[in-house]
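Here's a quick tour of a model you can follow along on screen. Keep the viewer open and click through the residues as they come up.

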Amino acid sequence: MPKRNKIKDYLLRFKKYKVRSDIPEDLQIAIQTFIEATVMVGENKLEFMPGEYLANLMMILDKYPEYNDTLIDIIRDSGLDEK
């Protein structure tokens, strides 16, 4: 399978993700928005996601150091960390 198709499949896996309700509301919104953008990239075979989605998520995560591993988990789950 070409790498692009493999990445698309990983991105579409985000459709099944649900944001936990026990985290701060602004973080829930940032994660949900990032998930929706990720699915949009996969469904529409876009080459990239506008950086604002990731920047917003990172800014919100910066407010909550106890969730520092969340971004790493999201990247790992997306499969984008594979070489």
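Gln-32 sits in helix 2, and its C-alpha is 7.9 Å from the C-alpha of Lys-18, a residue 14 positions away in sequence.

A bit of housekeeping: this is a predicted model, so local features need pLDDT of at least 70 and side-chain atom pairs count only at pLDDT 80 or more, while totals for chains, interfaces and linings use all residues. Residues are numbered from 1 along each chain as its sequence is written, and side-chain values use heavy atoms, with hydrogens and water left out.

Zooming out, the protein chain has 4 helices and 0 strands, and its elements run α-α-α-α from the N terminus on. Helices here are DSSP runs of H or I with at least four residues, strands are runs of E with at least two, and both are numbered from the N terminus. Of the 83 residues in the protein chain, 29% are buried. Take the contacts (heavy atoms within 4.5 Å) with a separation of 6 or more: residues 24 or more positions apart account for 63% of them.

Back to helix 2, which covers residues 25–43. Its 19 residues reach 27 Å from first C-alpha to last, close to the 27 Å expected at 1.5 Å a residue; that expected span is 1.5 Å times one less than the number of residues. The buried residues of helix 2 are Leu-27, Ala-30, Ile-31, Phe-34, Ile-35, Ala-37, Thr-38, Val-39, Val-41 and Gly-42. As a reminder, an α-helix has 3.6 residues a turn, so residues three or four places apart point the same way. Just after helix 2, Lys-45 takes a positive phi of about 55°.

Thr-38, in helix 2, counts as buried because its relative accessibility is 2%. The Thr-38 side chain reaches the backbone oxygen of Phe-34 at 2.8 Å. That makes a polar contact, meaning a pair of N or O atoms within 3.5 Å; within protein, one must be able to donate a hydrogen and the other to accept it, and residues adjacent in sequence count only if both atoms are side-chain atoms.

How do helix 2 and helix 3 pack, in angle and axis distance? Helix 3 spans residues 51–62, and the two pack at an angle of about 160° with their axes 9 Å apart. The axes are lines fitted to C-alpha atoms, for helices over the stretch in contact, and angles run from 0 to 180 degrees between N-to-C directions. On the helix 2 side, the contact is made by Asp-26, Leu-27, Ala-30, Ile-31, Thr-33, Phe-34, Ala-37 and Met-40. Helix 3 brings Tyr-53, Leu-54, Asn-56, Leu-57, Ile-60 and Leu-61.

Ala-30 belongs to helix 2 and is buried at 3% relative accessibility. Leaving aside residues up to four places away in sequence, Ala-30 touches Asn-56, Leu-57 and Ile-60.

| Pair | Sequence separation | C-alpha to C-alpha distance |
|---|---|---|
| Ala-30 and Leu-54 | 24 residues | 8.9 Å |
| Ala-55 and Ala-30 | 25 residues | 9.9 Å |
| Glu-52 and Phe-34 | 18 residues | 9.5 Å |

Definitions and conventions
Buried < 20%, exposed > 50% of the residue type's maximum accessible area, 1.4 Å probe, protein only.
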